[in-house]
Amino acid sequence: MHSLLDYDPKILLAWGEALKGDRRFTDFLMNNGFPELAALARAILSDTDALQWLMENGYPEFSILSDAIDDEDEAIEWLEKAHCDFLSKFAAACRKDDAAIKWFVDNELHGFIPFIRTIHDILLFQSWDSSDILLRLMS
């Protein structure tokens, strides 16, 4: 199984910028041997094609991570049953689970906190965006 722990911090920094929507970093990841991280960033940003690419190209745990970040019960359960402990904690921390965030601090994995914050902000934006759509449909 793959994990975000498998990557060099510099590559993860590029992934963090791709999460923020910077296409230059998405392209960098794609062109330098890390298409799975580019796809994971896009999947977290609600790109269903990227989610499917992860499933079809040997990175199902990253596809499921994206779903777990979105608080999908089956995905959360899958990560736990597959013993993807880091990914499970990461998804929980992105959902603002205090115990999971504390786990990152206690295990001196401070470098992941900015990614967790970025993803949490993405989730907030997505929820606000969907609320706006519902309000427009109701008016």
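Helix H3 is largely enclosed by the rest of the structure, because eight of its ten residues are buried. Those buried residues are Glu36, Leu37, Ala38, Ala39, Leu40, Ala41, Ala43 and Ile44. The model is predicted. Helix H3 (residues 35–44) has the highest mean pLDDT among the elements of the protein chain, 98. Helix H9 (residues 113–138) has the lowest, 75. The chain averages a pLDDT of 92, and 91% of the residues score at least 70. Just after H3 comes Ser46, with a positive phi of about 80 degrees.

Now turn to charge. Side chains of opposite charge can pair when their charged atoms come close. The structure holds seven salt bridges. One of them joins Lys81 to Glu77, with the closest N and O atoms 3.0 Å apart. These residues sit four apart in helix H6, so about one helical turn separates them. Lys81 is exposed, at 61% relative accessibility. Glu77 is partly exposed, at 41%.

Another salt bridge pairs Asp71 with Arg95 (3.4 Å, N to O). This pair links distant parts of the chain, 24 residues apart. Asp71 lies in the loop between helix H5 (60–69) and H6, and Arg95 in the loop between helix H7 (85–94) and helix H8 (98–106). Asp71 is partly exposed at 46% relative accessibility, and Arg95 is partly exposed at 28%.

Glu17 and Lys20 also meet through their side chains in a salt bridge (3.3 Å, N to O).

Finally, look at the surface. Asp70, Glu72, Asp73 and Glu74 gather there in a patch of negative charge. Glu74 belongs to helix H6 (residues 73–81). Glu74 counts as exposed, with 72% relative accessibility.

How values were computed:
Residues numbered from 1 in each chain as written. Heavy atoms only, no water. Patch = residues over 30% accessible without salt bridge, like charges linked within 9 Å, V, L, I, M, F, W, Y side chains within 5 Å. Areas by Shrake-Rupley, 256 points an atom, 1.4 Å probe, with all protein chains shown as cover. Salt bridge = Lys/Arg side-chain N within 4 Å of Asp/Glu carboxyl O. Lys, Arg positive; Asp, Glu negative; His and termini not counted. Charge placed at Lys NZ, Arg CZ, Asp CG, Glu CD. Helix = DSSP H or I, 4+ residues; strand = E, 2+ residues; numbered from the N terminus. Buried < 20%, exposed > 50% of the residue type's maximum accessible area, 1.4 Å probe, protein only. pLDDT = per-residue confidence, 0-100.
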